Amino acid sequence: MTAQFEEQPSEAQIAVHWREEGYVYPPASFIAQANGTDAGLFERFSLENFPECFKEYADLLDWDTYWHTTLDTSNPPFWRWFVGGRLNACYNCVDRHLRDRANQAALIWVPEPESEATVAITYRELWRRVNEFAALLRDYCGLRAGDRVTFHLPMVPELPVAMLACARLGIIHSEVFGGFSGTACGGRIADSGSKVLITIDSYYRNGELIDHKAKADEAIEEARKEGVEVEKVLVFRRNPGQYCSLTPMRLGRDAFVDEVLLDYKDAVVEPVSMPAEAPLFLMYTSGTTGKPKGCQHSTGGYLAYVAGTSKYYQDIHPGDTYWCFADIGWITGHSYIVYGPLALGTTSVMYEGAPTFPDPGRPWRIAERLGVTTFHTAPTTIRMLRKLGPEEPAKYAYRFKHMTTVGEPIEPDVWRWYHDVVGKGEAVIVDTWWQTENGGFLGSTMPALQPMKPGSCGPGVLGIHPVIYDENAEEVPAGSGKAGNICIRNPWPGIFQTIWGQPERFVQTYYAKYNRDPKSTDWRDWPYLAGDGAVQAADGYFRILGRVDDVINVAGHRLGTKELESASITVDEIAEAAAVPVVDDLRGRAVEMYVALKPGITASPEIEAKVSAAIEREIGKIARPKAVWIVPDMPKTRSGKIMRRVIAGISNFTAVGDTTTLANPEIVEDIRKQVQAAKYARGTVPAELTPEQIAEIQAFGSVE
Ligand code: PRX
């Protein structure tokens, strides 16, 4: 057995290896109906016209009071957009559509079991449900504008109803992805200071009715440990009238929503007129260090930004049937299932379950039956559908005009299957690059006006001016083939306002690295650091390489190494742990854990299993490691920092790079032999990595 051990390629070598893909042009049928066909848009949104250009997005909304200042930069980088303006997000997504489209479906919900009927909720019905739920939040829970409430809900229509009901009252919602564990949810409850948790008894996933209420009790226990006492738990029932959970309801604390709602039948709640800068919601995401960060999004700036990008980049028209196949538990679902599409008055489809249940033809059956025109998903789903059902799309008579990919880099090969087979060569594709922190898209082609290039997201979107900086804050020129840190030169309305409760961390993480003068109130001195490596081609298109901080993107979901490591060391036998990404055929990246044991403990498969179980308990199933390696010691710098980049190289069979700064360089070879021999034995040696993947692994953890 010999492991190939390449030398680390230089940046110049990587440059030679980048293969530039050719352009693919949008079909004429798409251009003929597109929202963005006026090339004058680029001029209107040029840097010279910043920040006033964003008036065009804000004017897509109805304002109670128009703003007087487009952008206030007096307290950087805490930008304030549309200052003086007042509006209500729920009014903009629901009430204002009643005049023209009360009987049009706002939401179409597809349950996972195929035998269950699809549910269409018209704008009128949505208005009724939102009003009743808002009355319950206000009068039964005593919640007011500015209070926080946590949801731990899967893909059920009650989730957008609850979000909009909060928005109607100015209550800040914080939805935790349903697949996260109770413990993970509890940490987010405590951080946000929520006194109310909204959950559901059960939901379907992969043919199984999952007991979800059990997680609520774990969440409340965790929140209590962290000093926050939840007073009320509102429980929806997946199947009307039936309680499908083994966990008892706690008297005085837990209530079934359907029972309480009887008291609020036909209630009408006036939308509360909120300042543009009032927070609309929190969305937690993983960071380099410490606990997940609660990204705080604004009402006016956020809603304007998602409405504008939904119009031009999602090309949403009110008459479309738009299906974003993401989970509302992530930012994509907030912006591009709920707020953006509903602000524009379209029909937004929600699907409860797994993409390939009961077979990989399922999404295409749904698309055919509902007449979906616009489809939006992540590379990980596309890869899975391609693997399990490459011929399936051709069997169904749906026709997409527009498709989106989001969340991770998409391999050109996967892109082409999406285009040729899923899109049947008739749909335009946008590869949208952005993050939880951003509210909406940062990089994408304008679908009717700019050609697509497989594997590249495209240039910055309207009003977004990206730049790549090297470690010395020098601009890396387009076409140089060199990778660097992608930043955005200017603020934009969708940018999050702060990390909830941690303003210093906000400044430190996103602005400190390239800030030119901490006292400056000129936005030009405050480039936003995205935390991704990228390369820019001569035509201005960006190719995103992936995270340069200690964040692992598994199936489009961000996992912080720190959280994985903290979960691992809850296992008694573990002294130290390090998480690294490995390239994975389906999920893009998967997690491998390296752990060192306390003195006197012997390695065993049981300990490996305990580590996996601890991660599932603390974070959730999505974070389960692909392998747990018990190693004699970790490669460390002299200051005691674990060099994750080195073990990431071992796991991926790429060069480990410079090890001269290690205190214990001899350990590297021992670990390499142990891990790579095991991978040969298990048949899990990865295929040769692309230059982009090598660059990402080698840059892993390079930004602190
Ligand atoms: O690394 C980038 C990757 O996903 C990260 C953001 O993850 P999250 O905050 O969970 O938001 C995902 C959905 C917006 C980014 O830092 N990423 C996102 N979109 C793309 C991408 N990488 C390449 N291409 C994309 N289109």
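Colleague: Why does K598 count as partly exposed?

Modeller: Its relative accessibility is 36%. Buried means under 20% relative accessible area and exposed over 50%, with partly exposed in between (1.4 Å probe, protein chains only), so the value for K598 falls in the middle class. K598 is in the loop between β29 (588-597) and α19 (605-618). Its C-alpha atom is separated by 28 Å from that of T684, 86 residues apart along the chain.

Colleague: Before we go on, what kind of model is this?

Modeller: It is a predicted model, where local features need pLDDT of at least 70 and side-chain atom pairs count only at pLDDT 80 or more, while totals for chains, interfaces and linings use all residues. Residues are numbered from 1 along each chain as its sequence is written, and side-chain values use heavy atoms, leaving out hydrogens and water.

Colleague: And what makes G556 partly exposed?

Modeller: At 28% relative accessibility, G556 is partly exposed. You will find G556 in the loop between β26 (551-554) and β27 (557-560). (Helices, H or I of at least four residues, and strands, E of at least two, are DSSP runs numbered from the N terminus.) The C-alpha atoms of G556 and A378 are 178 residues apart along the chain and separated by 6.9 Å.

Colleague: Why is T199 called buried?

Modeller: T199 has 1% relative accessibility, so it counts as buried. T199 belongs to strand β8 (residues 196-200).

Colleague: How do you know that the side chain of T199 makes a polar contact with H152?

Modeller: The side chain of T199 reaches the backbone oxygen of H152 at 3.4 Å. A polar contact is a pair of N or O atoms within 3.5 Å; within protein, one must be able to donate a hydrogen and the other to accept it, and residues adjacent in sequence count only if both atoms are side-chain atoms.

Colleague: On to the rings. Why is the pair of Y511 and Y528 called edge-to-face?

Modeller: Rings of Phe, Tyr and Trp (its six-membered ring) pair if their centres lie within 6.5 Å; planes under 30 degrees apart are stacked, over 60 edge-to-face, and the rest tilted. Here the centres are 6.0 Å apart and the planes stand at 65°, so the pair is edge-to-face. The pair links distant parts of the chain, 17 residues apart: Y511 is in the loop between α17 (503-510) and β24 (528-536), and Y528 in strand β24. Y511 is buried at 2% relative accessible area, and Y528 is buried at 1%. The structure holds 49 aromatic pairs.

Colleague: What makes K424 a charge over the ring of Y398?

Modeller: The charged end of K424 is 3.8 Å from the centre of that ring. A charge sits over a ring if NZ of Lys or CZ of Arg is within 6 Å of the ring centre and within 35 degrees of the ring normal. K232 likewise lies over the face of Y140, at 5.2 Å from the ring centre.
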